[in-house]
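This briefing goes through one protein model, topic by topic. Keep the sequence and the 3D view open while reading.

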Amino acid sequence: MQLQDQQLARQLMRLRSDINKLKIEQTCHLHRRMLNDATYELEERDELSDLSCDSPLASPFSLSTPLKLIGVTKMNINSRRFSLC
């Protein structure tokens, strides 16, 4: 009976470890995608500003919606660190 308890405990610990690993991978994937979206948006704005100087565009320092959703503002974007894991 004790042997079965130990085996079950090991199995539960492995499952917990696997779940935590998957959570970390998902978070890294979401952050990577968010940063890619923000980069793409900035590149697109640069291309548009090169094409037409007549139409006023949003400030190049304005932030994309995904960054705003996690609380990154113009004031704290330089101090915020992002990891791609």
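A residue counts as buried when its relative accessible area is under 20%, as exposed when that area is over 50%, and as partly exposed in between. By that rule, 9% of the 85 residues of the protein chain are buried. The model is predicted.

**Overall build**
- The protein chain contains 2 helices and 0 strands.
- Helix α1 covers residues 2-51.
- The protein chain exposes about 7,600 Å², and 57% of this area comes from carbon and sulfur atoms.
- Take the contacts between residues at least 6 apart in sequence: 36% of them link residues at least 24 apart.

**The salt bridge**
- Side chains of opposite charge can pair when their charged atoms come close.
- How many salt bridges does the count give? The count comes to 1 salt bridge.
- Glu 41 and Arg 45 form a salt bridge through their side chains, with 2.8 Å from N to O.
- Glu 41 and Arg 45 are about one helical turn apart, because 4 residues separate them in helix α1.
- Glu 41 has a relative accessibility of 25%, so it counts as partly exposed.

**A negative patch**
- Which residues form the negative surface patch? Glu 43, Glu 44, Asp 46 and Glu 47 form it.
- Asp and Glu count as negative, which is the reason these residues can be grouped by like charge.
- Glu 44 lies in helix α1.
- Glu 44 counts as partly exposed because its relative accessibility is 35%.
- A patch residue needs over 30% relative accessible area, and Glu 44 has 35%.

**A nonpolar patch**
- Leu 8, Leu 12 and Leu 15 make a nonpolar surface patch of about 280 Å².
- Where is Leu 8 placed? Leu 8 sits in helix α1.
- Is Leu 8 buried or partly exposed? At 44% relative accessibility, Leu 8 counts as partly exposed.

Notes:
Residues numbered from 1 in each chain as written. Predicted model: local features only at pLDDT ≥ 70, side-chain atom pairs only at ≥ 80, totals over all residues. Heavy atoms only, no water. Patch = residues over 30% accessible without salt bridge, like charges linked within 9 Å, V, L, I, M, F, W, Y side chains within 5 Å. Areas by Shrake-Rupley, 256 points an atom, 1.4 Å probe, with all protein chains shown as cover. Salt bridge = Lys/Arg side-chain N within 4 Å of Asp/Glu carboxyl O. Charge placed at Lys NZ, Arg CZ, Asp CG, Glu CD. Buried < 20%, exposed > 50% of the residue type's maximum accessible area, 1.4 Å probe, protein only. Contact = heavy atoms within 4.5 Å.
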